[in-house]
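These entries record what I looked up in the structure shown below. I began with the backbone and then turned to the sheet, the salt bridges and the interface.

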Amino acid sequence: MSVLVGFDTRLVVQGMSGSTGAFHAKGAVEYGTRVVAGVTPGKGGTKVAGLEQIPMFDTVDEAVQQAGANTSVIFVPPPFAADAILEAAASGIELIITITEGIPARDMIRVKSVLDRDYPHVTTVGPNCPGVITPGQCKIGIMPGYIHKPGGVGVVSRSGTLTYEVVHQLSTIGLGQSTAIGIGGDPVKGMDFIEALALFADDPGTSAIFMIGEIGGSSEEEAAAFIKEHVKKPVAAFIGGQTAPPGKRMGHAGAIISGGKGAAKDKIAALEAAGIKVSPTPAEMARTLASIL
Amino acid sequence: MKIHEYQGKELLRKYGVPVPFGIPALSVEDALAAIPRVQKESGGDVVVVKAQIHAGGRGKAGGVKVARTRVDAEEAVKRIFGMTLVTPQTGPAGKKVQRLFVEQGLAIAKEYYLGMLLDRATGRVTVMASTEGGVDIEEVAATHPEKILKESVNPAVGWQDYQARRLAKRLAMTPAVTGELVKFLRLLTRCYEDMDCSMLEVNPLVVTQDGKVLALDAKINFDDNALYRHPELAEWRDPNEEDPQETAAKQWDLSYIALEGNIGCMVNGAGLAMSTMDIIKFYGGQPANFLDVGGGATTEKVTAAFKIITTDPAVKAIFVNIFGGIMKCDTIANGIIAAVKETGLSMPLVVRLEGTNVELGKKLLADSGLNILAAADMADGAQKAVAAVAALKGGAK
């Protein structure tokens, strides 16, 4: 069992003719993901080298109607990404995973407003995220597939490469993953910790959860309260940026300690108060989870 | 991206937002010459001399002077220009004042706080207002959160006048001042939206004794992700406000922040880069920087990143920590090799590679003949880098 993606996923890659889109579409195909279509406006009917078996369309609508796509992954450059997300939603895609980094906040504010109002049934992940993977079934995004192993740990993370770090550690000590969800590091995003935690809490295939947060915002504090109330499975966590200076944006647009808010120590305190075990260093994430199983 | 107060006010004026008359100056001479011009234009003797640095807390640090006479103003210009201001936001080293803003003094009846920023919890821009103007708003937020009033902007319709009227009522403004605030906020919110601001703070917003509403200060940050829509903002960059390495990093679209330590870090991904800093500190070392080379880096970009780290004179060892996803390990390896060929390598280099194309990356580094300390994982790498710096210190004794 798993959440969000699996054997039923029929993927369309928006921006498949670009070099990044093509590279990771190939990675998905090699992993066994059912990639049913590619979309790049103006490239309908063409072939992408190495992906000749996958039909290219001009619109997502065609990918849904003609190839049966139900999930989209977006590799479209930032200036066009908001348009691509809304196109996917308007075309009947149920799950939209946006990998693109650097989308202006103003664009995402508008996108979120439209999605909340007009497409409440659509689930979005990202932007600026590594994607979602259910090991052994379906890989969508930019994560290296080989580090994952099927199993029972649900992983949810604001950081891309830290997700790989914890997955690698988990696999190394023999703890497989049900699904790993990268929710991304932007301030305005689709799925947040709480939605992901709720999915894992209800998933019979998930027996424990690892959560990776970072400085900035208050999502981790809200997640801690949610876990205390609703999650009965063991949860361990790590917070990145414990030594980050205030007022400096640490790469992610969302990762900034400002106005005295968003510091790692407050997040760690909130998590520990909710009974969640927090890993002291990024090298001990998997061992920390193992210690409470 | 941050800009100076005088630039922020120039932008506000462009949008019709009322601001006091003022003249920016890049030298003492220009600032002295500005004093009589500001007095003449405003029709009053009082001028305010304000240090222009990007950090807040200037007033408390002695960087703002209200001068009642020309002589007082001249004295203030000479005193403030060139002084080093230390505020909670500058760090202990402080910031040298190299720009001044000479502005008309106003007869102020009342001061308020007004701010706009993105509320992450709702995914909407929020306008905040408070009667506690001109003071440290973060302290107000901590001690009296009920004194900060909020109105969020609905992206479907934008800011509405009723929201300004509601704020004015709760701020106990008179009907005449309410009308002024409605106009003020209509223009301010348009500026925020059009210009892709990420923060716009007017602290204080003032009502003058003759009932006018003006922005007495303006602190504006722009969304870095949206700068491509506003190429004209590039000329407002102030290189004196930026670390030279950070400026170089920007040219290569690298995310770099200078820190106080001596272990240079090159990492992919913001979360891993932050955690690399954390783990270096955990093992007793001090990171010299935060550097995220990003996902789609080319060999050239990695080479540039490596050079930026090595040009920081404080760096005594380098720790490269890569978990390749979108970033391929062979790209990193080739970038390191090219950089070292170009500039040489005079310090210990610890490399931890994992992820996409890891075997190819490791082989490239092994075949290069470079003296690299390979790390098994990030804990091992951090410990090796910390030990390398400690060994250097021991050798120097």
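**Entry 1: backbone**

I located B:Asp253 in the loop between helix H7 (244-251) and E13 of chain B; helices (H or I, at least four residues) and strands (E, at least two) are DSSP runs, numbered from the N terminus. I worked with a predicted model, in which local features need pLDDT of at least 70, side-chain atom pairs count only at pLDDT 80 or more, and totals for chains, interfaces and linings use all residues. Residues are numbered from 1 along each chain as its sequence is written, chains are lettered from A and ligands numbered from 1 in the order in which they are written, and side-chain values use heavy atoms, with hydrogens and water left out.

I looked up phi for B:Asp253 and found a positive value of about 60°, although this residue is not a glycine. B:Asp253 is exposed, at a relative accessible area of 62%; buried means under 20% relative accessible area, exposed over 50%, and partly exposed in between (1.4 Å probe, protein chains only).

I noted a second residue with positive phi, B:Asn357, which is not glycine and has phi near 60°. B:Asn357 sits in the loop between E17 and helix H11 (358-368) of chain B, and it is partly exposed at 32% relative accessibility. For reference, most residues other than glycine have a negative phi, and most peptide bonds are trans.

I then checked for cis peptide bonds. In chain A, the bond from A:Gly126 to A:Pro127 is cis, with omega near 10°. A:Pro127 belongs to the loop between E6 and strand E7 (131-134) of chain A. In chain B, a cis peptide bond links B:Asn203 to B:Pro204, with omega about 10°. B:Pro204 is in strand E10 (residues 197-208) of chain B.

**Entry 2: a sheet in chain A**

I traced an open sheet of six strands in chain A, ordered E3-E2-E1-E4-E5-E6 with parallel pairing; two strands pair if DSSP finds at least two bridges between them. Its edge strands are strand E3 (56-57) and strand E6 (123-125) of chain A, each of which pairs on one side only. Strand E1 (residues 11-14) and strand E4 (residues 71-74) of chain A are joined in the parallel sense by four bridges. I followed A:Val12 to its bridge partner in E4(A), which is A:Ser72.

**Entry 3: salt bridges**

I counted a salt bridge where a side-chain nitrogen of Lys or Arg is within 4 Å of a carboxyl oxygen of Asp or Glu. Over all chains this rule gives 28 salt bridges. In one of them, B:Glu193 pairs with A:Arg110, with the closest N and O atoms 2.4 Å apart. This pair joins two chains because B:Glu193 lies in helix H6 of chain B and A:Arg110 in helix H4 (residues 105-118) of chain A. Both are partly exposed: B:Glu193 has 30% relative accessibility and A:Arg110 has 38%.

I also looked up two salt bridges in chain A. A:Asp118 and A:Arg117 meet at 3.4 Å, N to O; A:Asp118 is partly exposed at 41%, as is A:Arg117 at 48%. A:Lys265 and A:Asp266 have their closest N and O atoms 3.8 Å apart. Here A:Lys265 is exposed at 62%, whereas A:Asp266 is partly exposed at 33%. In chain B, salt bridges that share partners connect B:Glu5, B:Lys9, B:Lys50, B:Arg58, B:Glu103 and B:Asp217 in one network.

**Entry 4: the interface**

How many residues of each chain are in contact? I found 48 in chain B against 52 in chain A, where contact means heavy atoms within 4.5 Å. The area buried between the chains is about 4100 Å², with 60% from carbon and sulfur atoms; buried area is the accessible area (1.4 Å probe) that two parts lose on being put together, summed over both. In chain B, B:Arg120, B:Asn225 and B:Phe323 lose the most area to chain A, together 17% of what that side buries.

Across this interface the rule finds four salt bridges.
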